[in-house]
Amino acid sequence: RILASQIASQISLHQPYGGIVPEIASRSHNLVLRPLINSTLEEASLALSQIDAFAATAGPGLASSLLIGNTTAKALALVQDKPFLSINHLEGHLLSPFLDAKTNTITPCVALIVSGGHTLLVHLRNINDYHLLGRTRDDAAGEAFDKVAKMLNLPYPGGPEIDRLSKKGDPSAYEFPRSMINSRDFAFSFSGLKTAMFYTLKKIPNPQHELNNLAASFQEAVVDVLVSKTITAAHYTKEFLITVSGGVSCNSRLREAFVARCHEANLDLKISPPHLATDNAAMIAFAAAQKLALNLTSSFTEDINPNLPLV
């Protein structure tokens, strides 16, 4: 049960630059972390001494930002003489679809993690029993959304803007490639789709008049690949549950397509609710709670790893 979960958003700080600036991100973390901890404890009606364990993300991510959260959690755990848990950011996403369920029980599934920096398919069999089926060979899906949004002169973050415009567009107006959709493996590639948009824009006299159709056609190409590969992976692994997590899972068309295709394929579906799909502390705490129950705590000497793999 989530007693409290608070997020200090930095979107407004990074918007003028069209993307995340590491120095601004880490400086903001330093400024907001202490008051954020205090307000979260207040919301949960807990004292620091009542916390059973302290957890923080070890990676992947920006080193300067990871260090701040990781070091703070270690310090709090030491002072309170409580366990410390170093958590993989991707594992937080991986388990987040189970957090909003009534039982919070982790069950075997094929999991799609799709965010700004990551796109991967994982066969989840149990806690700490993950098998990587495939990942993107170049851009992540969320990265492609942001880069295409930039081409269309849309504000950062671009994913929600493309989703909004797509609702008024025709997804069949432009033929964009479905890269690797029939590759007979579970790898992804979105750089070609980004390039296709670049050259399409050169052929259109006034792209601003075609924004809705361009956004809808691009979005449909991404969604088609993500859903098709995930359904195929479920058949391959003989799993009957698909989970979807990460910031891109907030995309309304992606959610709609997964519901329809899973119903057709007689598969169960769990998608992280929007408040748990984007980066948040609750999913890291949930992953930590699963490990704590198995007594899988971390050493205080364990370091961060900006390139930490899930498996």
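Pro-60 sits in the loop between strand S1 (54–59) and helix H3 (63–80). In this predicted model, the peptide bond from Gly-59 to Pro-60 is cis, and its omega is near -10°. Most peptide bonds are trans, and most residues other than glycine have a negative phi.

Pro-157 belongs to the loop between H5 and helix H6 (158–166).

Met-180 is not a glycine, yet its phi is positive, about 60°. This residue, Met-180, is in the loop between H6 and H7. Asn-266, a residue other than glycine, has a positive phi near 60°. The loop that holds Asn-266 lies between helix H9 (252–264) and strand S7 (268–271). Asn-266 counts as exposed because its relative accessibility is 65%, and the cut-off for exposed is over 50%.

The next topic is the packing of helices. Two packed helices are described by the angle between their axes and by the distance between the axes. For helix H5 (residues 141–151) and helix H7 (residues 191–203), the angle is about 10° and the axes are 10 Å apart. H5 is therefore roughly parallel to H7, since angles under 35 degrees count as roughly parallel.

Which residues in H5 and H7 meet? From H5 come Lys-147, Val-148 and Met-151, and from H7 come Lys-194, Met-197, Phe-198 and Leu-201. Sorted by class, the contact of H5 with H7 has 5 nonpolar and 2 charged residues, and no polar ones.

H7 itself can be followed from end to end. The helix H7 has 13 residues, and the distance from its first C-alpha to its last is 19 Å, close to the 18 Å expected at 1.5 Å a residue. The buried residues in H7 are Leu-193, Lys-194, Met-197, Thr-200 and Leu-201. They lie on the same side of H7, because they cover an arc of only 120° around the axis. The spacing of such residues follows from the geometry of an α-helix: with 3.6 residues a turn, residues three or four places apart point the same way.

What covers the buried residues of H7? The cover includes H5 and helix H8 (211–237). On the face of H7 turned away from its buried side are the exposed residues Lys-202 and Lys-203.

Note on methods: Residues numbered from 1 in each chain as written. Predicted model: local features only at pLDDT ≥ 70, side-chain atom pairs only at ≥ 80, totals over all residues. Heavy atoms only, no water. Axes fitted to C-alpha atoms, helices over the stretch in contact; angles between N-to-C directions. Helix = DSSP H or I, 4+ residues; strand = E, 2+ residues; numbered from the N terminus. Parallel < 35°, antiparallel > 145°, perpendicular 65-115°, else oblique. Contact = heavy atoms within 4.5 Å. Nonpolar A, V, L, I, M, F, W, Y, C, P; charged D, E, K, R; others polar. Expected span 1.5 Å × (residues − 1). Buried < 20%, exposed > 50% of the residue type's maximum accessible area, 1.4 Å probe, protein only. Arc of directions from axis to C-beta.
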